[in-house]
Amino acid sequence: MKTLKTCLSGIALSVACATASAGEVEVLHYWTSGGEAAAVNVLKQEMEDAGHTWTDFAVAGGGGESAMTVLKSRAISGNPPSAAQIKGLDIQEWGELGFLTSLDDVATAGNWDSLLPEVVSDVMKYDGHYVAVPVNVHRVNWLWANPEAFKKAGVEIPTTWEQMIEVGPKLKAAGIIPLAHGGQAWQDATTFEAIALAEGADFYRKAFVEHDDATLKGETMVKVLTTFKKMRDLIDADSSGRDWNVATSMVINGQAAMQIMGDWAKGEFTAAGKTPGTDYVCVAAPGTADMFTFNIDSLAMFTQSDDSRVQAQKDLAKMVMDPKFQETFNLNKGSIPARQGMDRTPFDSCAHDSMDAFTVSAEKGTLVPSMAHGMATSSRVQGAIYDVVTNYFNASDMSAEDAADKLARAVKATL
Ligand code: GAL
């Protein structure tokens, strides 16, 4: 039992004050890259400082597909963790299955409805009740560039996809891989959706949120797929199966000039001690300035029977929404806080750009949910899009017209 003396300082201790009963919290997640591990350690440390036991259940594999497979088998066998990194529309699917527990008491006491943008709080609720807590807001439509590589090749960092294709030969001639990419379906989809977004937020929504058949197989989608295929000429022959953070390290060490990836990539630059604007440059993915593809990481809470575990879950949720945690976690993770009204001073220029783009895009109607990261559509439809997009990207004989047709049919078949 905690004495009065130890209850007088710090976030963790403020939580410990409230509870004074230690519980175990097991968290299943896929934050295993260097920058991500540093971020999740912040939470682990704070929970342990509050007297709880953190059991880490990390499942490697960017994008989280393996983690979700493991989670499903644990849930089906009646042994779900206390909390899991579940995001976007998956929260609705798990809510529907009856696995998740309400956090309404923590949310009401913590004023979450007024602290969170509606686009964020909506994602955290099932049937009007909070069942998850947001740790961040990631922007997905970023281009990460190594300025030295561009200087060496005598070319500019592209702002359009046409320019992206044009600078390729010059970078190659200078012995630099133009685009660092990992040949995995979710990474292919991350680049594909950024090219689609450049055609406008309305087009993007029609395709990936409304699943409009004419849009999915239409002329503009054929144009998007044609541009997407040209990215193949910019990536190296060894990209197949490469993890995203390995691709980021190629940009960090100058082997490659650029990467299209969400700002979890920035966590790797930070972990490598790199400075934005000097060692690397962050710009909106070509053609998507003032647009923002959001991906919100969240921890969803599974129903527990043991009181101390229930209390530990509530403490975890409270701690995640604490300003200090939102700051420290996101400084490491590369994302921006989900909580509004945070002090911007500790954050760097890329985070400031993300914060501004979030506000501007919300006003302009160009804030869109990431399809590649589970915010726009169900995991079934996302899986169908992944399959068509990655098969097309790796095929040598499929035309963009055929791919668009396949995309529309595959989506229709899963609706
Ligand atoms: C996303 C996740 C990010 C990051 C990324 C790479 O889906 O939301 O936090 O982990 O995958 O694994």
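These legends go with several close-up views of the pockets, the cavity and the nonpolar cores.

This is a predicted model, where local features need pLDDT of at least 70, side-chain atom pairs count only at pLDDT 80 or more, and totals for chains, interfaces and linings use all residues. Residues are numbered from 1 along each chain as its sequence is written, and side-chain values use heavy atoms, with hydrogens and water left out.

**Figure 1. The largest pocket holds about 370 Å³ of space.** A pocket here is an open set of points on a 1 Å grid over the protein atoms alone, where a 1.4 Å probe fits, with protein on both sides within 12 Å along at least five of seven lines; lining residues have an atom within 4 Å of a point. Its volume is the space filled by probe spheres set on the points, which are joined across faces, edges and corners. Look for Glu 65, Met 68, Asp 90, Ser 379 and Gln 382, which lie nearest the centre among the 20 lining residues. Helices H3 (65-76) and H19 (379-394) each give two or more residues; helices are DSSP runs (H or I, at least four residues), numbered from the N terminus. H19 gives the most, with 5. Both domain 1 (2-137 + 295-349) and domain 2 (142-294 + 359-414) supply at least three lining residues, with bounds from an automatic or database domain assignment.

**Figure 2. The second largest pocket has about 270 Å³ of space.** Pro 337, Arg 339, Gln 340, Gly 341 and Met 355 are the closest to its centre, out of 14 lining residues.

**Figure 3. The largest cavity has a volume of about 120 Å³.** In a cavity, the probe fits but cannot get out. The structure has 1 cavity of 30 Å³ or more. Tyr 30, Glu 36, Gly 63, Trp 264 and His 373 lie nearest the centre of the largest cavity, which 15 residues line. Domain 1 and domain 2 each give at least three residues to this lining.

**Figure 4. The largest nonpolar core has 77 residues.** Such a core is a set of buried Ala, Val, Leu, Ile, Met, Phe, Trp, Tyr and Cys residues joined through side-chain atoms within 4.5 Å, where buried means under 20% relative accessible area (1.4 Å probe, protein chains only). Phe 192, Phe 208, Met 221 and Met 258 touch the most other members. H19 turns up again, giving this core the most residues, 8. Another core lies apart, with 62 residues, including Trp 112 and Met 355.

Notes
Buried < 20%, exposed > 50% of the residue type's maximum accessible area, 1.4 Å probe, protein only.
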